[in-house]
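Here is my note on this model, point by point. Please read it with the structure open.

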Amino acid sequence: MMQDSSFIEVFMNMSLQLCEARDPKGLYKLARAGKIKGFTGIDDPYESPLNCEIELKEKEGECPSPVAMAEEVISYLEDKGFLQNE
């Protein structure tokens, strides 16, 4: 529905272990206990995107800081002309 240049897919490529460790609502724990069905990565498959524009990854098992990830996204947007450097 959108033109290709209007949509930018950002893939947060983080391990399941990191997601579980940072889960403040305990949803992964509930899913593992069978209290939530169809939970992605637990009892429902996860399919990584095939052609994302930006991939944010763990570095040495650690999630980059929000500032570092935002800088990566902003840099991409600037490089592709979505944002103007001033």
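**Notes on the model**

1. The side chains of Arg32 and Glu20 meet in a salt bridge, at 2.7 Å from N to O. The pair links distant parts of the chain: Arg32 sits in helix α2 (residues 27-32), Glu20 in helix α1 (residues 16-21), twelve residues apart. A salt bridge here is a side-chain nitrogen of Lys or Arg within 4 Å of a carboxyl oxygen of Asp or Glu. By this rule the count comes to one. Side chains of opposite charge can pair when their charged atoms come close. Glu20 is partly exposed, with a relative accessible area of 24%. The classes are: buried under 20% relative accessible area, exposed over 50%, partly exposed in between (1.4 Å probe, protein chains only).

2. On provenance: this is a predicted model, where local features need pLDDT of at least 70, side-chain atom pairs count only at pLDDT 80 or more, and totals for chains, interfaces and linings use all residues. Residues are numbered from 1 along each chain as its sequence is written, and side-chain values use heavy atoms, with hydrogens and water left out. Helices (H or I, at least four residues) and strands (E, at least two) are DSSP runs, numbered from the N terminus.

3. Helix α3 (residues 66-79) has 14 residues. From first C-alpha to last it reaches 20 Å, close to the 20 Å expected at 1.5 Å a residue. That expected span is 1.5 Å times one less than the number of residues.

4. Which residues of α3 are buried? They are Met69, Tyr76 and Leu77. They cover an arc of only 100 degrees around the axis, which puts them on the same side of α3. The arc is taken from the directions from the helix axis to the C-beta atoms. Val67, Glu71 and Asp79 are exposed on the other side of α3. Cover for the buried residues includes β1 (10-13) and β2 (54-57).

5. Asn13 belongs to strand β1. Asn13 counts as partly exposed, at 30% relative accessibility. Its C-alpha is separated by 6.5 Å from that of Glu55, 42 residues apart along the chain. Leaving aside neighbours within four places in sequence, Asn13 is in contact (heavy atoms within 4.5 Å) with Glu55, Leu56, Lys57 and Glu58.

6. Just after α3, Gly81 takes a positive phi of about 85 degrees. Phe82 lies in the segment after α3. At 42% relative accessibility, Phe82 counts as partly exposed.
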